Protein chains: 2
Amino acid sequence: MDSLFSDRIADVPRSFIREILKTALQPNVISFAGGLPNRDLFPVKEIAEAARKVLDREGRDVFQYGNSEGSVKLREFIARRYESRLGLQVAVDDILITNGSQQGLDLLGKVLLNEGDGLIIEEPGYLGAIQAFSLYRPRFLPVPLVQEGLDTAVLKQTLAQSRPKLLYTVPNFQNPSGITYSRGNRQAVAEAVRESGALLIEDDPYGDLRFSGEPAPSFRTYLPQTTILLGSFSKSVVPGFRLGWIVAPRPLMDKLVIAKQAADLHTSHMIQAIMHQYLADNDIDQHIQTIRDAYGKQCAAMLAGMERHFPNSVTHTRPEGGMFVWAELPRGLAALDLFELAVKENVVFVPGDPFYVNKSRTRAMRINFSCVDESTIAAGIERLGNVMKRMIEQTG
Amino acid sequence: MDSLFSDRIADVPRSFIREILKTALQPNVISFAGGLPNRDLFPVKEIAEAARKVLDREGRDVFQYGNSEGSVKLREFIARRYESRLGLQVAVDDILITNGSQQGLDLLGKVLLNEGDGLIIEEPGYLGAIQAFSLYRPRFLPVPLVQEGLDTAVLKQTLAQSRPKLLYTVPNFQNPSGITYSRGNRQAVAEAVRESGALLIEDDPYGDLRFSGEPAPSFRTYLPQTTILLGSFSKSVVPGFRLGWIVAPRPLMDKLVIAKQAADLHTSHMIQAIMHQYLADNDIDQHIQTIRDAYGKQCAAMLAGMERHFPNSVTHTRPEGGMFVWAELPRGLAALDLFELAVKENVVFVPGDPFYVNKSRTRAMRINFSCVDESTIAAGIERLGNVMKRMIEQTG
């Protein structure tokens, strides 16, 4: 049977995070490996009430096949929120509802990428995007992330040399690094991309989850005609609905709708109606504030633990939002080796390797704070710090 | 922006059915153009009750990210039903839950098709499959449908000459033709395919909807190792959930799960849980019998109307289930021209052209009976018959 598989499926990296998550399910293991929102914060009662209303009132309608673009009411809500949150003018017809923003990535790959097309990704980069795009066999062009965003010198060089079609970014509280592009970095990136003719994808699942600092403008502010936005309700409401969206310029949107139709006809209109009812009946900003407060405290507990228990030679980011801290061991050490030792001490994280397309045995690691309460964070970071110290002593 | 689009997206046929369906929404128009299940038969109250139970009991669980393969309970139900309905042994791990069987087509294209690979499709063929597969740029190899199934002479010739990788079939009450493969035809097709090394896809959205005649065995009976099954709850329960599944041999399933993960991580577990609860609490066979009875009466009314009002030179199929009759005008006439005349008389159907990959101005048409009540069918078929007679007189 192997001879029957397509070439493209051989290119897709296996999610080795899935394997790690199995370890994380053992009792007594403190897991910083997850990438999940905190389930204690899901608005369960409110959604159940919204579902009751929708099914009592419009069951027959939402059970039928629906349009591929998605619910007009839900898209109107998304458009209004872009205006109120970010000052962006987005028309309802510029929005396509997808099964999470993961499907947005797949549809964009389908519609834009020929085999061998240049695609700039962040290094380290979001694994789900690497997986989704891999199926369309682009030439990945990694540009390093630095503290204030993309490394603009490398970016300019890559744009000039490789004439890429697309630049994929997660400018707010990036997964895995937790880095946020500064305002100045966004301007510089936009400037460089403008001249090149490339399209820029701004994937923003975490933008709502800012617990400190000031928001910077969306790339669409700088590149209104050539920025594609990806959004999601996964982090602000619930991931299990699998509801996200793409905002794209009209000619591209026409193609995306065709691709959506071919992919699964449309996203469940029942799910869309329940989400819209929930959003209409509840104060989403207040709910998001609750998540921000919780994650902010958890992040603070993690950073405090790192200051106290990590060796000085281990560096880490200081996120202003989102769900992840990114740490790096001293040169010469591999996070994979640390992982082996840490598992034995019942504490796990994700070694950085899967977030790179062409590096292995990196010294970086992703450490999640959204799923663990403050006292467990304190205990787990102390445990992890002790393993790091032992590893450094033994190799030094 | 046009220069940025992928080559593959240019290959996808636009759904010209969507345009027709807009016409069909005018008041006074009798529409046989739809492809929808009858919404009056949706079990609205029962699903609302199932949703209430799931959300009261396990809201937090089903709102979190879940596994890519899908709900174990739902897959167990599907496996048991294959055994009871068709005598097929299907393991839970052989089943992947998808967003309708449309997504199954997309995932199979992703995992199996390289550009230029040979893919046998039925002629006329299911438009959604042609759209989904087009994105992977196969070489479509149409094999005509005849009264008892695939034309086995052409099939053998195509298998020998073109060494295709895949054969895509809808053996029960095919969309658009309403044709069902006979037992003998299935055996002959299986025999021919066995030697060739090709995989066979059996897409069976309508199999439950038999209102006359005797069921014939699944292709998996003849080709247990090389048949892929696609199933769906869209026609037996509700389409708006977007719930379907793939049954595939294990090595292929491993690849499909990777592709599913890249496509959208997983299908909503809330939706899966509600469907499972509905199936656990209700007698699905009794519900399906209700649908069969209704569609059987509607089909009988349509065939009676055709006997009475269609010119003798117009031929049509006599389906034993499903939702469609396929009719053909006499040679020299085009269904597209009939459509233009019929619209003026406020009756519409789907001209056959979109169901062919390389033919236009065909004389065939798809006529749907699932969405229209018996008296409206009688009136609409009389109207359509009169337009046909006028057209034939004028051209004769």
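Two residues are in contact if their C-beta atoms, placed from the backbone, lie within 7 Å. Keep that cut-off in mind and select B:Leu256: leaving out residues up to four places away in sequence, B:Leu256 touches B:Leu96, B:Leu107, B:Val111, B:Ile246 and B:Ala248. Now widen the view to the largest nonpolar core, which has 166 residues. B:Leu256 is among the members that touch the most others, together with B:Ile274, B:Met275, A:Leu256, A:Ile274 and A:Met275.

**Before going further**

What you have open is a predicted model. Colour chain A by confidence: its pLDDT averages 94, and 97% of its residues score at least 70. For the complex, the predictor gives an ipTM of 0.94 and a pTM of 0.95.

**Stop 1: the two chains together**

**Stop 2: where the chains meet**

Next, select the residues in contact between the chains: 64 come from chain B and 64 from chain A. H3(B) provides the largest share, 11 residues. Colour this side of chain B by class and you will find 34 nonpolar, 16 polar and 14 charged residues.

**Stop 3: two domains in chain A**

Domain 1 is made of two stretches, 2-42 and 286-395, while domain 2 covers 63-281. Their C-alpha centres lie 24 Å apart. The contact between them takes 31 residues from domain 1 and 31 residues from domain 2.

Stay with chain A and look at the side of domain 1 that touches domain 2. Helix H12 (284-309), strand E11 (324-328) and strand E14 (364-368) each supply at least two residues there. H12(A) gives the most, with 6 residues. By class, this side of domain 1 divides into 19 nonpolar, 7 polar and 5 charged residues.

**Stop 4: A:His309**

Follow helix H12 of chain A to A:His309, which has its place in that helix. A:His309 counts as partly exposed because it has 18 C-beta neighbours inside 10 Å. Leaving aside neighbours within four places in sequence, A:His309 is in contact with A:Ile381, A:Glu382 and A:Gly385. For a sense of scale, draw a distance from A:His309 to A:Val92: the two are 217 residues apart in sequence and 50 Å apart in space, C-alpha to C-alpha.

**Stop 5: B:Val193**

Bring chain B back and select helix H8 (residues 183-196), where B:Val193 is found. Is B:Val193 buried or exposed? B:Val193 counts as buried, because 26 C-beta neighbours lie inside 10 Å. Show its contacts too: not counting residues up to four places away in sequence, B:Val193 touches B:Leu167, B:Ala198, B:Leu200 and B:Leu223. Finally, draw a distance to B:Lys156, which is 37 residues away from B:Val193 along the chain; their C-alpha atoms are separated by 8.2 Å.

Notes: Residues are numbered from 1 along each chain as its sequence is written. Chains are lettered from A and ligands numbered from 1 in the order in which they are written. This is a predicted model: local features need pLDDT of at least 70, side-chain atom pairs count only at pLDDT 80 or more; totals for chains, interfaces and linings use all residues. pLDDT is the predictor's confidence in each residue, from 0 to 100. A nonpolar core is a set of buried Ala, Val, Leu, Ile, Met, Phe, Trp, Tyr and Cys residues joined through C-beta atoms within 7 Å. A residue is buried if 20 or more other C-beta atoms lie within 10 Å of its own, exposed if 12 or fewer, and partly exposed in between; C-beta atoms are placed from the backbone. Helices (H or I, at least four residues) and strands (E, at least two) are DSSP runs, numbered from the N terminus. Ala, Val, Leu, Ile, Met, Phe, Trp, Tyr, Cys and Pro count as nonpolar, Asp, Glu, Lys and Arg as charged, and the others, Gly among them, as polar. Domain bounds come from an automatic or database domain assignment.
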